Amino acid sequence: IVICGACVVGASGAWFRARRGEARVIVDRARPGAAASGRAAGFLALDWSAGTPLDALMRASFALHREIAAELGAGRLGYRPMDA
């Protein structure tokens with residue numbers, strides 16, 4: 001599988017395929033995350049989509065984010081849930 005672009009979508013797609021044991025190659029003209037928006041892209045709020053058609057998807061995504069952080073080492077990644 002060839003994945004074009006090492007943005008968050010390409011990198012996460014490659015990671016999920018690796019978890020399933022699939023061979024993959026990422027091709028990018030720069031380096032992983034070179035065009036990412038930085039740390040602000042990692043800010044998630046559970047209720048941003050409350051009451052909309054996206055609510056269930058947002059909650060599933062939020063839970064998956066925590067699961068992946070736990071699997072990879074939340075402290076190593078800088079992941080820290082907050083209650084605000």
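**Figure 1. The R17–E22 salt bridge in the predicted model.** R17 and E22 form a salt bridge in which the closest N and O atoms are 2.6 Å apart. The structure shown is a predicted model. R17 is partly exposed, because its relative accessibility is 28%. E22 falls in the partly exposed class as well, with a relative accessible area of 24%. E22 also meets the side chain of R20 in a salt bridge, at 3.3 Å from N to O. Through shared partners, the salt bridges join R17, R20 and E22 into one network. R20 has 58% relative accessibility and therefore counts as exposed, the limit for that class being over 50%. Side chains of opposite charge can pair when their charged atoms come close. A search of the whole structure finds 5 salt bridges.

**Figure 2. The salt bridge between R19 and E67.** The closest N and O atoms of R19 and E67 are 3.9 Å apart, and the pair forms a salt bridge. R19 belongs to helix α1 and E67 to helix α2 (residues 55-72), so this pair ties together parts that are 48 residues apart in sequence. R19 is partly exposed, with a relative accessible area of 39%. E67 counts as partly exposed too, at 43% relative accessibility.

**Figure 3. Helix α1 and the residue G21 that comes just after it.** Helix α1 has 12 residues. From its first C-alpha to its last, α1 reaches 16 Å, which is close to the 16 Å expected at 1.5 Å a residue. Just after α1, G21 takes a positive phi of about 80°. V9 is one of the residues in α1. The relative accessibility of V9 is 63%, so V9 counts as exposed. The C-alpha atoms of V9 and G33 are separated by 9.9 Å, and the two residues are 24 residues apart along the chain. An α-helix has 3.6 residues a turn, so residues three or four places apart point the same way.

Figure 4. A23 is placed in the loop between α1 (8-19) and β2 (25-27). A23 counts as exposed because its relative accessibility is 57%. Along the chain, A23 and I1 are 22 residues apart, while their C-alpha atoms are separated by 6.2 Å.

**Figure 5. A nonpolar surface patch formed by V2, V25 and V27.** V2, V25 and V27 make a nonpolar surface patch of about 260 Å². V2 lies in strand β1, which covers residues 2-4. V2 is exposed, with a relative accessible area of 58%.

**Figure 6. The cysteines C4 and C7.** C4 has a relative accessible area of 71% and is therefore exposed. C7, at 42% relative accessibility, counts as partly exposed. A disulfide is a covalent bond between the sulfur atoms of two cysteines. With a cut-off of 2.5 Å between cysteine sulfur atoms, the count comes to 0 disulfides.

**Figure 7. The surroundings of the buried residue S49.** S49 is found in the loop between β2 and α2. The relative accessible area of S49 is 13%; S49 is buried because this value is under 20%. Leaving aside neighbours within four places in sequence, S49 is in contact with L54, D55 and M58. Of the 84 residues of the protein chain, 14% count as buried.

**Figure 8. Overview of the chain that contains these views.** The protein chain has 3 helices and 2 strands. From the N terminus on, these elements run β-α-β-α-α. Among contacts between residues at least 6 apart in sequence, 22% join residues at least 24 apart.

Definitions and conventions:
Residues numbered from 1 in each chain as written. Predicted model: local features only at pLDDT ≥ 70, side-chain atom pairs only at ≥ 80, totals over all residues. Heavy atoms only, no water. Helix = DSSP H or I, 4+ residues; strand = E, 2+ residues; numbered from the N terminus. Buried < 20%, exposed > 50% of the residue type's maximum accessible area, 1.4 Å probe, protein only. Patch = residues over 30% accessible without salt bridge, like charges linked within 9 Å, V, L, I, M, F, W, Y side chains within 5 Å. Areas by Shrake-Rupley, 256 points an atom, 1.4 Å probe, with all protein chains shown as cover. Salt bridge = Lys/Arg side-chain N within 4 Å of Asp/Glu carboxyl O. Contact = heavy atoms within 4.5 Å. Expected span 1.5 Å × (residues − 1).
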